[in-house]
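Work through these exercises with the model open. Each task is followed by a stepwise solution.

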Amino acid sequence: MSYVARKGPQVVSALGRWAYNLSGFNQYGLHRDDCLYEDDEVKEAIRRLPEKLKDERNYRITRALHLSLTKTILPKEQWTKYEEDTKYLEPYLEEVKRENEEQAKWEANK
């Protein structure tokens, strides 16, 4: 199965851009999917990522931790932009959720 990550928001709005920039994770070069709470479904989706995407994610998180420890942020040119934030984990997470729903239905019908 081929996965295509969605780039940017589905609807671009001034309020969405404002909230995105206010969150602050973009100042560390993180993507939205880097900041998800790692419950069982997210952990499984991360496990399914191709190695290249996992390495990129780990690099961004490590860099963000280093920046946080040194109490600095990236130069503004290197911030993750609202329109360019790739939802790289979304297709894998949706697949895991579908599988969990299917398994729950299967268990309920036994």
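**Exercises on a helix pair**

E95 lies in helix α4. The model is predicted, with local features needing pLDDT of at least 70 and side-chain atom pairs pLDDT 80 or more, while totals for chains, interfaces and linings use all residues. Numbering starts from 1 along each chain as its sequence is written, and side-chain values use heavy atoms, without hydrogens and water.

**Exercise 1.** Decide whether E95 is buried or exposed, and find its side-chain partner.

*Solution.* Start with accessibility. The relative accessible area of E95 is 15%. Buried means under 20%, exposed over 50%, and partly exposed in between (1.4 Å probe, protein chains only). E95 is therefore buried. Next, its side chain makes a polar contact with the side chain of R48, at 3.2 Å. (Such a contact is a pair of N or O atoms within 3.5 Å; within protein, one must be able to donate a hydrogen and the other to accept it, and residues adjacent in sequence count only if both atoms are side-chain atoms.)

**Exercise 2.** Classify K43 by accessibility, then give its C-alpha separation from V96.

*Solution.* K43 lies in helix α2. Its relative accessibility is 46%, so K43 counts as partly exposed.

**Exercise 3.** Describe how α2 and α4 pack.

*Solution.* Residues 40–48 form α2, and residues 90–108 form α4. Their axes are 8 Å apart, at an angle of about 125°. That makes α2 oblique to α4 (under 35 degrees is roughly parallel, over 145 roughly antiparallel, 65 to 115 roughly perpendicular, the rest oblique).

Notes
Axes are lines fitted to C-alpha atoms, for helices over the stretch in contact, and angles run from 0 to 180 degrees between N-to-C directions. Helices (H or I, at least four residues) and strands (E, at least two) are DSSP runs, numbered from the N terminus.
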